[in-house]
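Please keep the sequence and the structure in view while reading.

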Amino acid sequence: MQIEFRHDRTRNETPPPSPLPHAEPLTPDYRAKPWGRRDGLQAPDDAQPLGEVVFDAARSGLVIKWLQTSEPLSIQVHPQHGPDRKHEWWYVADARPGAYLHLGLKHPATRAEIRRAAEDGALPQMLRRIEPAVGDMFFVEAGAIHALGPGLTVIEVQEPSDVTWRLHDYGRPRELHLEQGLREAILDPRPLTPTPAAAAPFRVALETLTPDQRVTLTAPRAGVAVAQGGGAFGERRYEPYQCWEVGGSLSIRAAEPTVLIVAEPQETQMDEDAPWRARQ
Ligand SMILES: O=P(O)(O)OC[C@H]1O[C@](O)(CO)[C@@H](O)[C@@H]1O
């Protein structure tokens, strides 16, 4: 998938004034899920099968998660409005053979049709089914009917809401929320977009570094997920599966081929003059 990020990566520009450079690793919160896996990321025994590693990037107003799946998640909807609104964005870090995800309706549908399909198990067939490759990215608009499928490891950037309305859960004995989910659901197909829409209060960018490459990342505050590689933020070593909160003009030195997901809050509109930029 060809993706264009709107951040600048320039040699000659003077970055805007920024706070002192800093980089702090975020504390992982390991959560067991019925759709999780025992053979992926390391986690304590009481968090098995591990579904999510949650990092609260509170200073950036964002939450970043690593998700790993062996079964489909619930077919779900997140609120579109108010303090519980949850736009989310996915980066596919690993996809096993047969992995898939569902995102949005294939055709326009009524609430009654969706309700019936949720109740009789036909809802997956109404949804767009995607077999993603490593590196694919998806914006999951609040209100979109969606579900990660099995065989995936995904980095998710999301608004700090924990509200998920489950429409269908493949017979698992968890609570469903048909009324709330139907109220919030988007009822027509929308184009797939790899980057967050302008209405989302965050933006993301992918920074790919070769061994020994050095860049300066300038941002007032950002959450950074290490999708791959190793190196140092300033003097502090980073490793895969970590998330950090960074800010200021921070020097990054890659020791190994590195992929970083940089997530930054933004007020509303996508700003052409990106507030963060990496310089070589
Ligand atoms: O209801 P389930 O299947 O546990 O899924 C909830 C999870 O799905 C996600 O919204 C990903 O789509 C996660 O942020 C959330 O924790």
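**An exposed loop residue**

At 61% relative accessibility, Asp 212 counts as exposed, because exposed means over 50%. This value, like the others in the briefing, is computed from a predicted model. Asp 212 is found in the loop that lies between β13 (202–209) and β14 (214–228). Its phi is positive, at about 75 degrees, although Asp 212 is not a glycine.

**Other backbone features**

- Most residues other than glycine have a negative phi, and most peptide bonds are trans.
- Tyr 170 is not a glycine either, yet it has a positive phi of about 55 degrees.
- The loop between β12 and α3 holds Tyr 170, and this residue counts as partly exposed because its relative accessibility is 32%.
- The peptide bond that runs from Gln 48 to Pro 49 is cis, and its omega is near -5 degrees.
- Pro 49 has its place in the loop between β2 and β3.

**Domains**

- The domain assignment gives two parts: domain 1 (4–24 + 200–265) and domain 2 (28–184).
- The centres of domain 1 and domain 2, taken over C-alpha atoms, are separated by 26 Å.
- Contact between them involves 23 residues of domain 1 and 20 residues of domain 2.

**The largest pocket**

- The largest pocket contains about 300 Å³ of space.
- Its lining is made up of 22 residues, and the closest to the centre of the pocket are Lys 33, Glu 52, Gln 76, Lys 86 and Thr 164.
- At least two lining residues come from each of the strands β2 (29–37), β4 (62–68), β6 (88–95) and β10 (146–148).
- By residue type, the lining divides into 10 charged, 6 polar and 6 nonpolar residues.

- Glu 52 belongs to strand β3 (residues 50–57).
- Is Glu 52 buried or exposed? Glu 52 counts as buried, because its relative accessibility is 7% and buried means under 20%.
- Leaving aside neighbours within four places in sequence, Glu 52 is in contact with several residues, including Asp 29, Tyr 30, Arg 31, Lys 33 and Trp 35.
- Lys 65, Trp 66 and Leu 67 are also among the contacts of Glu 52.

- Which residues are buried in helix α1 (residues 111–120)? They are Ile 114, Ala 117 and Ala 118.
- An α-helix has 3.6 residues a turn, so residues three or four places apart point the same way.
- Arg 116, Glu 119 and Asp 120 are exposed on the other side of α1.
- The cover over the buried residues of α1 includes β7 (101–105), α2 (123–126), β12 (165–168) and α3 (178–184).
- Gly 121 follows α1 and has a positive phi, near 90 degrees.

- Ala 93 is a residue of strand β6, and it counts as partly exposed because its relative accessibility is 23%.
- Ala 93 and Ala 133 lie 40 residues apart in sequence, while their C-alpha atoms are 8.6 Å apart in space.
- Not counting residues up to four places away in sequence, Ala 93 touches Trp 66, Val 134, Thr 153 and Val 154.

Technical notes
Residues are numbered from 1 along each chain as its sequence is written. This is a predicted model: local features need pLDDT of at least 70, side-chain atom pairs count only at pLDDT 80 or more; totals for chains, interfaces and linings use all residues. Side-chain values use heavy atoms; hydrogens and water are left out. On a 1 Å grid over the protein atoms alone, a cavity is a set of points where a 1.4 Å probe fits but cannot get out, and a pocket is an open set with protein on both sides within 12 Å along at least five of seven lines; lining residues have an atom within 4 Å of a point. Grid points are joined across faces, edges and corners, and a volume is the space filled by probe spheres set on the points. Helices (H or I, at least four residues) and strands (E, at least two) are DSSP runs, numbered from the N terminus. Ala, Val, Leu, Ile, Met, Phe, Trp, Tyr, Cys and Pro count as nonpolar, Asp, Glu, Lys and Arg as charged, and the others, Gly among them, as polar. Buried means under 20% relative accessible area, exposed over 50%, partly exposed in between (1.4 Å probe, protein chains only). Contact means heavy atoms within 4.5 Å. Domain bounds come from an automatic or database domain assignment.
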